[in-house]
Amino acid sequence: MEWVGLFLLLLVGLGIVLTGLPAVIVLFSVASLGAVIGVLTDTIPVALLTALPSRLINLLENDLLQALPLYVTLGLLLDRLPVADSLYRSGVAILPRRASAPLFSGMLLGALLGPMNGSVGASVIGLSRVVAPRLTAQGVPAATRDAVIAVASTLGVLVPPSLVLILLSDAMLGAHTIAVTATGRNDRVINTLDIFRSALVPAAILLALFLALSWIAGRSRSVAAPRTPLARRELLLALVSFVFLIALLGGVAAGYFYAVEAAALGAFALLCGGILSGVLTFRVLRALLADAIAMSGALFSLLLAATSLTLILRLLGTDRLVNNLVAAIPGGDSAAVIVVLGVIALCAFVLDAFEIIFVIIPIVIPPLLIRVADARWVAVLVLLTLQASFLLPPFGYALMIMRGVAKNPAPFRNFLRALVPFLVVQWLVLMLVLAAPQLVHIGEDQKAITRAPAKPFSDEDFKNALPPLSDPADQ
Amino acid sequence: MAFVRTLDRLIGRIIDAGAWLALPLMFLLFLQWPLRDLFHGYSREANDLGQLIFALYVAMSVTAATRAGTHLAADLLAQRYTARARGRLKKAGILIGLLPWALFVLIGGRQIVMSSLAVLEGFPDTFNPGYFIIKLALWLMAILILAQIVVDLSRPEPAEPR
């Protein structure tokens, strides 16, 4: 019956694309179908299904997931308050007076606000509101404008402490725990901070290259960006926001406070600023909080539905089938990683990053980590793949949202042409990290590095590695 | 239909009230850091209280997303379907997916919730009171989802444009 699980996953993809129904309803429907098939064929004892409520309660008390509504609220606050606008205008004012300055400043703003902004969707909407009209006014071609905004909106995926990074960390923690238990390695299970730190160098390389590309993209214009006068109050707001954001990002990366606390601190500071400045009136705040609970609910219900489906898949034995398939991939560690990343990239055509993190990662990453010991390396590669998936034409999430919110969108072909250099750079960085795993271990405590198993893992070891996941004791 | 309208209003009010929980959640989780690093106390209490609020917030957020239509969907193909076809697909999805799931959570979670409620279970690590509220939030979530299903299924089918 394990093959039924793969059929169910296929059904999820088809259901999402063909019905247009919310992914959460498709996932619940497919999970229900799987449960009925499992019970009718005596593969799943009904008693095992009662594990579901306990699993859902685990989600309700998960410390890390508390960051979810905080980041969503933070993103909405950033969108409502003039912080992004002041930062962008100050960036243009400080940079040399060249035609490239607005594009460069827009990309920098994406990197600065992206991690704080909740989601790629929120970043696209925020940057489109703040940056797009100014780039248009300064004569930047629509295709270049849209490409830079779409790319800048995805930077938050890789720069800590973003929401995608936090949710992936949680999924990786679960996957690594399974792998460490199964193989008997004496590794410390990776946590959110490990993944934050591992992603720093690849994120810095990617950001530097994207900034260089933005500068080059702007050079084709001969007209220098006109400077609009900047009020002292606006400059002060930009300076305070910049220092605060850097302190917040640095504090998390250095381990002074947890990502949840950083999100709470950022949201609380913005809330106080908004109320004191009079921007956040009761009415505005009420509308903002209504948006926050609705957006948080969209993400959380996806997590509930994915938890239900993955339980059914495990009870059907699909996880063991995936283990065997991963074990059968010929070649070394890199070959296995490339195949699994390829599967994730393929899923990105029909699933967005959150759906991939909740549904696909818990199935494909545990067997990969049993085979490949370096969990930090795998985590960063998955992050890079997820970031690329947001920009994957034609259905990439950032591209779709960008096309949806742009006032005067460029023809799709021109948009793609402007996007190509960024995509090439992104895939080059992905290949660089694939070829040089040490990039994610710079400055790392050697004792904390995940080690390879003491003796090579045989196929038989691998097949027997995972605990019997359909065992009631596991639930 | 008066019952459905009342139910719809009631759900709306519960969610409107629940949306404000984001503020104490934000405040409590922000407080954790100074309480832990500066005052060296009460940070676990702030965390426990934050967990209770988070569970209640999440329990209401699922229905809030349904009502606001913010669930993620890829309707590139489906936007070509007629309004009636989309309405029927939605009702089918609710009947096949959401309804059995919410019923199962409500019935299957009975023992866990009731046994926790019977002893007013506290937090296992800190012994602070109120842990049963997290389990009760599971029921709140399922009840709100079921109530919203009643409202959604009672809505008339959208008329076809002429």
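**Figure 1. B:Glu121, a partly exposed residue, in a predicted model.** The side chain of B:Glu121 meets that of B:Lys135 in a salt bridge of 3.1 Å, N to O. The term salt bridge denotes a side-chain nitrogen of Lys or Arg within 4 Å of a carboxyl oxygen of Asp or Glu. B:Lys135 belongs to helix H6 (residues 131-154) of chain B, while B:Glu121 sits in the loop between helix H5 (110-118) and H6, so the pair ties together parts that are 14 residues apart in sequence. Helices (H or I, at least four residues) and strands (E, at least two) are DSSP runs, numbered from the N terminus. B:Lys135 counts as buried, because its relative accessible area is 13%.

Residues are numbered from 1 along each chain as its sequence is written, chains are lettered from A and ligands numbered from 1 in the order in which they are written, and side-chain values use heavy atoms, with hydrogens and water left out.

**Figure 2. The salt bridge of A:Arg80 and A:Asp291.** Side chains of opposite charge can pair when their charged atoms come close. Here the side chains of A:Arg80 and A:Asp291 meet at 2.9 Å, N to O. The pair links distant parts of chain A, with A:Arg80 in helix H5 (residues 67-80) and A:Asp291 in helix H15 (residues 282-316), 211 residues apart. A:Arg80 counts as partly exposed because its relative accessibility is 28%. A:Asp291 also counts as partly exposed, at 34% relative accessibility. Over all chains, the structure holds 11 salt bridges.

**Figure 3. The salt bridge of A:Asp85 and A:Arg134.** The side chains of A:Asp85 and A:Arg134 meet at 2.4 Å, N to O. This pair, too, links distant parts of chain A: A:Asp85 is in helix H6 (residues 83-94) and A:Arg134 in helix H9 (residues 132-137), 49 residues apart. A:Arg134 has a relative accessible area of 27%, which means that it is partly exposed.

**Figure 4. The interface of chain B and chain A.** The contact (heavy atoms within 4.5 Å) takes 59 residues from chain B and 63 residues from chain A. The area buried between the two chains is about 5,100 Å², of which carbon and sulfur atoms give 77%. Buried area is the accessible area (1.4 Å probe) that two parts lose on being put together, summed over both. Across this interface the rule finds 1 salt bridge. The side chains of A:Glu261 and B:Arg36 meet in a salt bridge of 2.6 Å, N to O.

**Figure 5. A nonpolar surface patch with residues of chains A and B.** A:Leu10, A:Leu14, A:Leu18, B:Leu77 and B:Tyr81 make a nonpolar patch of about 430 Å². Patches are made of residues with over 30% relative accessible area and no salt bridge; like charges are joined within 9 Å, nonpolar side chains (Val, Leu, Ile, Met, Phe, Trp, Tyr) within 5 Å. Areas come from the Shrake-Rupley method with a 1.4 Å probe, and for residues only the protein chains shown count as cover. A:Leu10 is found in helix H1 (residues 2-19) of chain A, and it counts as exposed because its relative accessibility is 55%.

**Figure 6. The loop residues A:Ser100 and B:Tyr42.** A:Ser100 is placed in the loop between H6 and helix H7 (101-113) of chain A. Its relative accessibility is 2%, so it counts as buried. Leaving aside residues up to four places away in sequence, A:Ser100 touches A:Ser214, A:Trp215, A:Gly218 and A:Arg219. B:Tyr42 lies in the loop between helix H2 (22-37) and helix H3 (43-68) of chain B. With a relative accessible area of 64%, B:Tyr42 is exposed. The C-alpha atoms of B:Tyr42 and B:Leu31 are separated by 9.4 Å, and the two residues are 11 apart along the chain.

Terms used. Predicted model: local features only at pLDDT ≥ 70, side-chain atom pairs only at ≥ 80, totals over all residues. Buried < 20%, exposed > 50% of the residue type's maximum accessible area, 1.4 Å probe, protein only.
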